[in-house]
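Grab a pencil and have the viewer open.

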There are 2 protein chains.
Amino acid sequence: MSEERRGAIQSVDVGILRFNRELGRAEILLHKRQNPDEPYFGQWALPGLVINGDTQDQSLEAAIDRLLLSPKVGFSVSHCEQVVTVGNAVRDPRGWATTTVYMAMVDDSVEVEGDKQWVDLVAVSEKKFLLAFDHNELVARIRGRLAGKFRYTSIGFSMLPMKFTMTDVITLFSVVRGANPAKGKTSIVQRVKKMIEAQLIALTDETVQLAMGRPQYLYLKLKPEVIFEFDRALSDD
Amino acid sequence: MSEERRGAIQSVDVGILRFNRELGRAEILLHKRQNPDEPYFGQWALPGLVINGDTQDQSLEAAIDRLLLSPKVGFSVSHCEQVVTVGNAVRDPRGWATTTVYMAMVDDSVEVEGDKQWVDLVAVSEKKFLLAFDHNELVARIRGRLAGKFRYTSIGFSMLPMKFTMTDVITLFSVVRGANPAKGKTSIVQRVKKMIEAQLIALTDETVQLAMGRPQYLYLKLKPEVIFEFDRALSDD
DNA sequence: GTAATAGTGTCTCTGAGACAATATGAT
DNA sequence: ATCATATTGTCTCAGAGACACTATTAC
């Protein structure tokens, strides 16, 4: 899109997150760059777009909405917030470039194909899966923000499906924080109970049976849009 | 600067904060717009500059450094962090404009004059002191970020002078949070004690005597650059 | 002495976190 | 029964926060 532009490039990028129950991991949506005239053609990157290229956006948020509706994403998200803005002269071979990075979450596990892919968040943030531009760094920033918010808010629940198990919550929290699953297990269970009291979550009588062990109860999100703030933080590591 | 530019305007703005012991209030540095060819001439605004106008910046951080060295500020700060980026088609009469907002703090109470002024942070954030552009909103965002960080970090100490009293801390926390000074007083005292244990602060034998009442002990910052993270938050209101 | 403000002590209570104990399926 | 995993229960402890009490100045 509009390679003739002289000035600085301004863009928005979004890291869309979900929890994959089968694989027990957090995943981020990546997009394979399709334009042979653009740098990093054929490589994986965060979905993003240049602002005020072909289309005139009214605001950063409007640009994000346009991105979410575009084929690079194509589904709606349950939560979206701005993470950081990175701008410098070296991150884009075309010249000075600024991007404002958002993170978003999905409730229902949308499956994707072709030029889209769900990839392990931890692998990407630790550069075991290389992305275009400085996008590995951006993903690391997203994971950092996520881990920080996990400590004192219920934001993690936004990336779980509408029905989830206690094990899902514990697994999600431990992989994002890079900690042992047993770490703070009691606290997480307490937090879910708090959220049940606050009518944000309900315990259903449905269960999920794995190959081995006791079946797990399913919990249901009642108010997926509400982010709960806890007045004590989970531990750091 | 460079009114001929066609594309979007990109800028950085900074809210520099300090605590005024005499007036017992948090203050933000404002700058009076000097260029008659620019919008909002003569009005007060956050210090800011257009990126890649006359000067080529290497990064957003380099632009902030240039701003801090420029006459619009002209002194160094003890802490600086990015708060938010706002971009839309209506905030600047010249057209689409994006600004990345930083907040910064000063240790020592630098006095300013002429086109610079320290103004009550709460008054500005509540629009009792009107600024150019959407800068009142930006200041409100800064205050919100500040109040949030006050809850679970020691960031507030960055805007106190190197030597401060317990009353300073309590006053600062209460005005930023918009709460009664007695609220959480015990907790704040506890936190200072924790920071003394951690060798970040020392109790001196110097005292400050006001017109009435018992004199106050002075505390000294030992490691002003270290931000302490508490594992429990202060209350919300 | 009194007024005013600073600093300390005591108490309660919530919630993190470790760990043990029990429950419920498959085989 | 045994194994594997889920769920519940028990205990400790740090720290928020309210409030009462004591200390130190000026007048």
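The exercises below look at a predicted model, starting with the chain contact and moving on to a pocket.

**Exercise 1.** Work out how much area chain A and chain B bury between them, and which residues supply it.

*Solution.* Start with the head count: chain A puts 25 residues into the contact, and chain B puts in 25 residues. Next, the area: the two chains bury about 1,800 Å² between them, with 44% of it on carbon and sulfur atoms. Now zoom in on chain A's side, where Gln10(A), Thr85(A) and Trp96(A) supply 27% of the area buried against chain B, more than any other three residues.

**Exercise 2.** Find the polar links across the interface, then say which elements of chain A touch chain B.

*Solution.* Count salt bridges: there are two between the chains. One of them joins the side chains of Glu229(A) and Arg151(B), at 3.8 Å from N to O, which falls within the 4 Å cut-off. On chain A, β5 (79-88), β6 (97-105) and α3 (135-152) each supply at least two residues to the touching side. The largest share, six residues, is from β5(A). Sort that side by class and you get nine nonpolar, 11 polar and five charged residues.

**Exercise 3.** Describe the largest pocket and its lining.

*Solution.* First, its space: about 1,400 Å³. Of its 47 lining residues, Arg145(A), Tyr152(A), Arg145(B), Lys149(B) and Tyr152(B) sit closest to the centre. As for elements, β5(B) gives the largest share of the lining, nine residues. Finally, the classes: 15 nonpolar, 14 polar and 18 charged.

Terms used: Residues numbered from 1 in each chain as written. Chains lettered and ligands numbered in written order. Predicted model: local features only at pLDDT ≥ 70, side-chain atom pairs only at ≥ 80, totals over all residues. Heavy atoms only, no water. Contact = heavy atoms within 4.5 Å. Buried area = accessible area lost by both parts, 1.4 Å probe. Polar contact = N/O pair within 3.5 Å; in protein donor to acceptor, adjacent residues only side chain to side chain. Helix = DSSP H or I, 4+ residues; strand = E, 2+ residues; numbered from the N terminus. Nonpolar A, V, L, I, M, F, W, Y, C, P; charged D, E, K, R; others polar. 1 Å grid on protein atoms, 1.4 Å probe; cavity = no way out; pocket = protein on both sides within 12 Å on 5 of 7 lines; lining within 4 Å. Points joined across faces, edges and corners; volume = space filled by probe spheres on them.
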